[in-house]
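Look over the sequence and the model before reading on.

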Amino acid sequence: MEGAKANTGGLSGWLEERLGLSAIREFLAHKTVPVHSGTMWYYFGGITLFLFVIQVLTGILLLLYYRPTTTEAYESVQFIVTRVQFGWLVRSIHSWSANLMIFTAMVHMFSVVFLRSYRRPREVTWLSGIALLCLALGFGFSGYLLPWNTISYFATKVGTDMAASLPGIGPALARFLRGGEDVGGATLTRFFGFHVAVLPGLTTVLLLVHLILVQKQGISSPPWVERKFQAQGGKAPQMPFFPNFFLREMMAWYAALAVLGSLAAIFPWELGEKADPFASAPAGIRPEWYFLAPFYTLKLIPSHVAFLEGELLGLLGFGLLAVFWILLPFWATNRQGMERTRLVTGAGVALLAYLATFSLLGYYK
Amino acid sequence: MITERRNLIRTLLGGGFVASLAAFLYPVIRFMNPPSVSEASVNEVPGGKIQDLKPNSGKIVKFGNRPVLLVRVSETEWRAFSAVCTHLNCTVQYQEQRRQIWCACHNGFYDLNGNVVSGPPPKALDEYVARVRGDEVVISRRA
Ligand code: HEM
Ligand code: FES
């Protein structure tokens, strides 16, 4: 093709004049992706996006039958998985994809840390990514309650009560989340609203911000790759985004779809028993895997440490850890502009080790 | 003169914008804050027939809209506690082997006076009064 202006006749010329698509084509033609030993990690952001799209599509399908009240929620999900054709599969995909999506988002985040992609000028991209991960956790927490089964009921009681123990705003925040003093029908209605309207809206906006920033700034190479090729007086090798990277990404999506489809079909998501606000919490209760590490930590902290209540201490600890992690790009370089490489790697490895060991302990103990 | 007028207009526009925003946000925020629903005030509930609960066992009884744990400690001794764990709000249960009250959520244990034995709960369970009246147990709030 010889540029945009040459092509003025026929349908494509007509469309070009009205839509200006050649700008996109031009942009795609110049977009490249660095090639090095860590290139595979660049696929995980895209896989997370793909799983989110699956969530939106299967979520909309579930909406056709789901009813958000304490008397009908459990029964409507039961109806979906027993009577609606392929209902069990749609629900199973929605639940499995939710978990896989949070997993791939975390892989994506850690790859950003270890490939040092958070460096200037990508701090805002990092922040928008963290916000997206929080929204994904919010989706998981709010969606978990929707089937109104015993486990989700107690998970929500514990989760919202953690909010209540925050100093100052705690009680008001817990009331806001529960829609009242305790977890009940009002909470279900509220969580449903968060899950299918508030969070999807916020996520769409943030996702756009995140993707636009990535497009604007291009994909970064790790510093060691840049240094190596600078020393040789050249530039680090790149592959064209389109079609080379794009087709590979499509293959990654296919692989994700295969994993998701197999998991959903072979291990259909369980429904459990209907929640009963006047029953004791059953033995072996625990939250979804991505909340296991804090859950197990809370189990270990004694009721009082010095003058603080244990749960408050735990919350303060998690809060500090979160702030430290969110601000990573800002402490990753010192005042002289030198990178604190070892500190970042150490923090990343330490966080991974904490999450992995405490999740396993929380699962098996 | 012109810049003064411009500043005035800018202030009016900006102030108007902020004021409209506040006028939208204030009701939205108030709307999201759930109104308090008055709880049906219950002072006493029946806890069931005596023979329905064996000695050394417990069950959950509805007390208004809260759960209460009724424990039959022995042939003649009955106790009742708020079943809401003081840690993070789970509903506790009676554990026969240990003769203690157990919360499954984070493995908290309370003794038969409601005091914390082990685990994360920070405070004792609130105690209720359990009395035998005829062949029935009655649970009431402590005075
Ligand atoms: C616009 C997007 C979405 C819509 C309309 C939607 C809708 C729904 C509906 C109606 C349910 C209740 C039916 C059921 O429990 O099976 C549900 C459950 C759930 N959703 Fe979503 N959802 C969306 C996105 C997401 C996302 C992005 C996540 C996770 C990151 C997620 C996680 C969950 C979870 C964990 C459940 C509980 C599944 C279960 O145990 O049944 N959802 N969703
Ligand atoms: S909620 Fe009872 S021990 Fe945590």
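A:Pro243 sits in helix 11 of chain A. A cis peptide bond links A:Phe242 to A:Pro243, with omega about 5°. Helices (H or I, at least four residues) and strands (E, at least two) are DSSP runs, numbered from the N terminus. This is a predicted model: local features need pLDDT of at least 70, side-chain atom pairs count only at pLDDT 80 or more, and totals for chains, interfaces and linings use all residues. Residues are numbered from 1 along each chain as its sequence is written, chains are lettered from A and ligands numbered from 1 in the order in which they are written, and side-chain values use heavy atoms, with hydrogens and water left out.

**Other backbone features of chain A**
- A cis peptide bond also joins A:Arg120 and A:Pro121, with omega about 0°.
- A:Pro121 lies in the loop between helix 5 (87-114) and helix 6 (123-145) of chain A.
- A:Trp148 is not a glycine, yet its phi is positive, near 55°.
- The loop between helix 6 and helix 7 (150-164) of chain A holds A:Trp148.

**Salt bridges**
- Over all chains the count is eleven salt bridges (a side-chain nitrogen of Lys or Arg within 4 Å of a carboxyl oxygen of Asp or Glu).
- One of them pairs A:Lys274 with A:Glu75, with the closest N and O atoms 3.1 Å apart.
- A:Lys274 is in the loop between helix 11 (241-266) and helix 12 (292-300) of chain A, and A:Glu75 is in helix 4 (residues 73-82) of chain A, so the pair ties together parts 199 residues apart in sequence.

**Interface of chain B and chain A**
- Chain B gives 29 residues to the contact and chain A gives 29 residues (heavy atoms within 4.5 Å).
- The buried area is about 2300 Å², 58% of it from carbon and sulfur atoms; this is the accessible area (1.4 Å probe) that two parts lose on being put together, summed over both.
- In chain B, the residues that lose the most area to chain A are B:Pro34, B:Leu88 and B:Asn89, together 25% of what that side buries.
- Zero salt bridges are counted between chain B and chain A.

**A sheet in chain B**
- Four strands form an open antiparallel sheet in the order 5-6-7-8 (chain B); two strands pair if DSSP finds at least two bridges between them.
- Strand 5 (93-95) and strand 8 (116-118) of chain B are the edges, each pairing on one side only.
- Strand 5 of chain B is joined to strand 6 (residues 100-103) of chain B by three bridges.
- B:Gln95 has B:Gln100 in strand 6 of chain B as its bridge partner.
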